[in-house]
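Here is a short report for a reader meeting this structure for the first time. Keep the view open while reading.

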Amino acid sequence: MTLPLSNSIRAQDAKHVVHPHTNLRTQPEAEPLVITRGEGIYVIDDAGNRYLEAAAGLWCASLGFGNARIAEVAAKMLTEIGYYHIFRGAANAPAAELSAKLSAIAPEGFDHVLLQCSGSEANDTAIKLVWYYWDAKGAPQRRKIISREQSYHGTSTITSCLTGKPKFHTGYGLPFDGFLYTAMPYYYRNARPGESEQDYSTRLADELEEMILAEGPETIAAFWAEPLLGSGGAIVPPDGYYEKIQAVLAKYDILFVADEVICGFARTGEMWGSQTYGMRPDMITCAKALSAAMQPISAVLIGERVFEQMKVQSDRFGSFTHGYTYAGHPVAAAVALEVLKIYEEMDLVGHVKALEPGFLAGFEALKDHPLVGDSGGVGLIGAVEIVADKETRAMHPPELKVMQIFEERASRNGLITRIIGNRIALSPPQIITAAEVEEMFARLRRALDETAQAIAG
Ligand SMILES: Cc1ncc(COP(=O)(O)O)c(C=O)c1O
């Protein structure tokens, strides 16, 4: 039994901790959620309340919360070495074994692994590699990078620019020039009446091509995409989307980077979202489930086309001038390696595939709910969209605070989800069982029923 967080610790938190994605004016007065323990897919707060954590923290805790086996691996590595780097050719066993394992489970052709510490770092580094590539190829004017509206790729200075959500730019004087945003693939809300998924995908690919031509193809370096938009609303791409987008990229010889920070490690039902959607990227960034979020570690998986040019740059400049002190950290790498072993033992991909029909049936069943418009997903990720009118798809007026009401009702029902605008995303830890999937949807329906009652007055 964990004791409630003492008042003095609460006071320290309120006074000293700068909380990300939080209103810093009102936060000190707010009651914080203090999660102190985990048991599988459940987390327990300091008052003893138990929640089914249907968001896996921040889309990351693939093995749930708390794990003695991982703790043992970390403790051993901390005791034996604690730290060593991989700069200037130094090697450590966990970083080497992890990189080999990642290459083995990556889509074919990703034999080179650059270990980093977070999803933002991985994308940030991949942007540098894109520029490095074009410089090596004698086309340094290729600087512009295209991502999608409402995409999320991190909040470092440069990845904030890559992120296609204006709220991450305002107040910081971002984005820098050269970051462009093409339309997000959001069939439910943005397709025209009567437009098929294939036709909508064609239109988006045409729009991308128009943007490239307007900017000048010789200035475009890369296109960036999460296989499935995660923080943009857990939105599944329409049929034909990547096939058509990739045809445009190939036509203008534009590099393609897949941000698999959420989708990697079977979230979408294959090991990589790229495999689920037939994407053929030049680089893949991954993090989160790479270590089941138990250590901060990420990776850039580099394809041969890019790596060849990185070697050319070493010929020219003498070395690869990039690296972070903690990149390839032996404790983080050992933990990630053990996590990948666990994935193999539990047949992670097979497990997610076996659960997928039940997971999708849960979304399908919610379509009859008066508050629910769009509802669906893939693998073990998906969302329901809350609407005021199922026909017109109109949203509730903001003053009704429907999503706030829902979040509070979900909490009372022992359920944590991820709210994005008027969407409720589910991405439970991948260790979830079929019975727990049912339990998750039962709690979600109860919370939706109570929300409907509350707003009906
Ligand atoms: C798709 C995607 N890319 C990048 C990031 C940034 O990762 P991090 O928060 O580890 O920097 C996130 C975080 O949620 C993400 O969802």
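This is a predicted model: local features need pLDDT of at least 70, side-chain atom pairs count only at pLDDT 80 or more; totals for chains, interfaces and linings use all residues.

Lysine 401 sits in the loop between strand S12 (381-386) and helix H14 (402-412). Its phi is positive, about 50°, although lysine 401 is not a glycine.

Alanine 234 also has a positive phi of about 50°, and it is not a glycine either. Its loop runs between strand S7 (220-225) and helix H9 (241-251). Is alanine 234 buried or exposed? Alanine 234 counts as buried, because its relative accessibility is 2%, and buried means under 20%.

## A cis peptide bond

Which form does the peptide bond from leucine 174 to proline 175 take? The bond is cis, with omega near 5°. Proline 175 belongs to the loop between helix H6 (157-162) and strand S6 (179-182).

## The chain as a whole

The protein chain has 15 helices and 15 strands. Its radius of gyration is 22 Å, close to the 23 Å that the globule rule gives for 457 residues, so the chain is as compact as a globular protein of that length. Along the principal axes, the C-alpha atoms fill a box of roughly 70 × 60 × 45 Å.

Of the 457 residues in the protein chain, 53% are buried. Contacts with a separation of 6 or more were also examined: 71% of them join residues 24 or more positions apart. The accessible surface of the chain comes to about 20,100 Å². Carbon and sulfur atoms hold 54% of that surface.

## Charges and salt bridges

The protein chain carries 41 positive and 56 negative charges. How far apart are the mean positions of the positive and negative charges? They are 3 Å apart. The count of salt bridges comes to 26.

One of them links the side chains of glutamate 39 and arginine 37, at 3.3 Å from N to O. Glutamate 39 is partly exposed, with a relative accessible area of 37%. Arginine 37 is partly exposed too, at 34%.

## Salt bridges inside helices

Lysine 76 and glutamate 80 both lie in helix H3 (residues 68-80). They are four residues apart, about one turn of the helix. Their side chains meet in a salt bridge of 2.9 Å, N to O. Lysine 76 is exposed, and so is glutamate 80.

Helix H8 (residues 197-215) holds both glutamate 207 and arginine 203, again four residues apart and about one turn of the helix. These two form a salt bridge, with the closest N and O atoms 3.4 Å apart. Glutamate 207 is partly exposed, with a relative accessible area of 28%. Arginine 203 is buried, because its relative accessible area is 14%, and the limit for buried is under 20%. Elsewhere, salt bridges that share partners join Arg69, Glu338, Lys341 and Glu345 into one network.

## Glycine 119 and its contacts

Glycine 119 is found in helix H5 (residues 119-136). It counts as buried, at 15% relative accessibility. In sequence, glycine 119 and threonine 285 are 166 residues apart. In space, their C-alpha atoms are 7.3 Å apart.

What does glycine 119 touch, not counting residues up to four places away in sequence? Its contacts are His153, Val261, Ala287 and Ser298.

Serine 291 lies in the loop between strand S9 (283-286) and strand S10 (298-302). It is buried, with a relative accessible area of 1%. Leaving out residues up to four places away in sequence, serine 291 touches Ile297, Val335, Ala336 and Val339.

Leucine 415 belongs to strand S13 (residues 415-416). It is buried, with a relative accessible area of 3%. Residues up to four places away in sequence aside, leucine 415 touches Tyr51, Leu52, Ala54, Ala410, Met440, Arg443 and Leu444. Leucine 415 and serine 291 are 124 residues apart in sequence. Their C-alpha atoms are 24 Å apart in space.

Key: Residues are numbered from 1 along each chain as its sequence is written. Side-chain values use heavy atoms; hydrogens and water are left out. Helices (H or I, at least four residues) and strands (E, at least two) are DSSP runs, numbered from the N terminus. The radius of gyration is taken over C-alpha atoms; the globule rule is 2.2 Å times the number of residues to the power 0.38. Buried means under 20% relative accessible area, exposed over 50%, partly exposed in between (1.4 Å probe, protein chains only). Contact means heavy atoms within 4.5 Å. Accessible areas come from the Shrake-Rupley method with a 1.4 Å probe; for residues, only the protein chains shown count as cover. Lys and Arg count as positive and Asp and Glu as negative; His and the chain ends are not counted. The place of a charge is taken as NZ of Lys, CZ of Arg, CG of Asp or CD of Glu. A salt bridge is a side-chain nitrogen of Lys or Arg within 4 Å of a carboxyl oxygen of Asp or Glu.
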